[in-house]
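Hi everyone, thanks for coming.

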Amino acid sequence: MVTITTTPSPTLSRLKAAAALIPFIQSDLAASTLSPDRAACMAAFVEWAANITPVSDVEQRLVDDLTASLSDLKAAIGI
């Protein structure tokens, strides 16, 4: 995960929250403690958060990481 040393903005906070959510979704799906429907809702938040025009290198790195993780997550969910 990217280490962030800039002043947080609402956009950056959303990106960080989405990045933190990915491992929880993956582990709960693997443990069968999260339904695919709930995982799809959570993935929709991640997708929404990543659907921005980055204004800094930090945001760009987070968007790139989220986009890569999201494709793997969607495959695991079956979307």
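So, of the 79 residues in the protein chain, 28% count as buried, where buried is under 20% relative accessible area, exposed is over 50% and partly exposed is in between, with a 1.4 Å probe and protein chains only. Keep in mind that this is a predicted model: local features need pLDDT of at least 70, side-chain atom pairs count only at pLDDT 80 or more, and totals for chains, interfaces and linings use all residues. Residues are numbered from 1 along each chain as its sequence is written, and side-chain values use heavy atoms, with hydrogens and water left out.

What are the elements? You're looking at 3 helices and 0 strands, and from the N terminus on the order is α-α-α. The radius of gyration is 13 Å, close to the 12 Å from the globule rule for 79 residues, so the chain is as compact as a globular protein of that length. That radius is taken over C-alpha atoms, and the rule is 2.2 Å times the number of residues to the power 0.38. Helices here are DSSP runs of H or I, at least four residues, and strands are runs of E, at least two, numbered from the N terminus. The C-alpha atoms fill a box of roughly 35 × 20 × 20 Å along the principal axes.

Now the inside. The largest nonpolar core has 20 residues, and Leu-29, Leu-66 and Leu-73 have the most contacts inside it. Each of α1, α2 and α3 supplies at least two residues of this core. By nonpolar core I mean a set of buried Ala, Val, Leu, Ile, Met, Phe, Trp, Tyr and Cys residues joined through side-chain atoms within 4.5 Å. In soluble globular proteins, nonpolar side chains do tend to be buried together. Take Leu-29: leaving out residues up to four places away in sequence, Leu-29 touches Leu-34, Ala-39, Leu-73 and Ile-77. A contact means heavy atoms within 4.5 Å. Of the contacts with a separation of 6 or more, 68% come from residues 24 or more positions apart.

On to the side-chain pairs. How many salt bridges does a search of the whole structure find? The search finds 1, and the side chains in it are Glu-47 and Lys-74, at 3.0 Å, N to O. This pair links distant parts of the chain, 27 residues apart, with Glu-47 in helix α2 (residues 36-50) and Lys-74 in helix α3 (residues 57-77). The cut-off is a side-chain nitrogen of Lys or Arg within 4 Å of a carboxyl oxygen of Asp or Glu. Glu-47 is partly exposed at 38% relative accessibility, and Lys-74 is partly exposed too, at 22%.

There's also 1 aromatic pair in the whole structure: Phe-45 and Trp-48, tilted, with 5.8 Å centre to centre and 40 degrees between the planes. Rings of Phe, Tyr and Trp (its six-membered ring) pair if their centres lie within 6.5 Å; planes under 30 degrees apart are stacked, over 60 edge-to-face, and the rest tilted. Phe-45 and Trp-48 sit 3 residues apart in helix α2, so about one helical turn separates them.

Last stop, the loops. Ser-32, in the loop between α1 (10-30) and α2, has a positive phi of about 60 degrees although it isn't a glycine. Ser-32 is exposed, at 64% relative accessibility. In the loop between α2 and α3 you'll find Thr-53, exposed at 68%.
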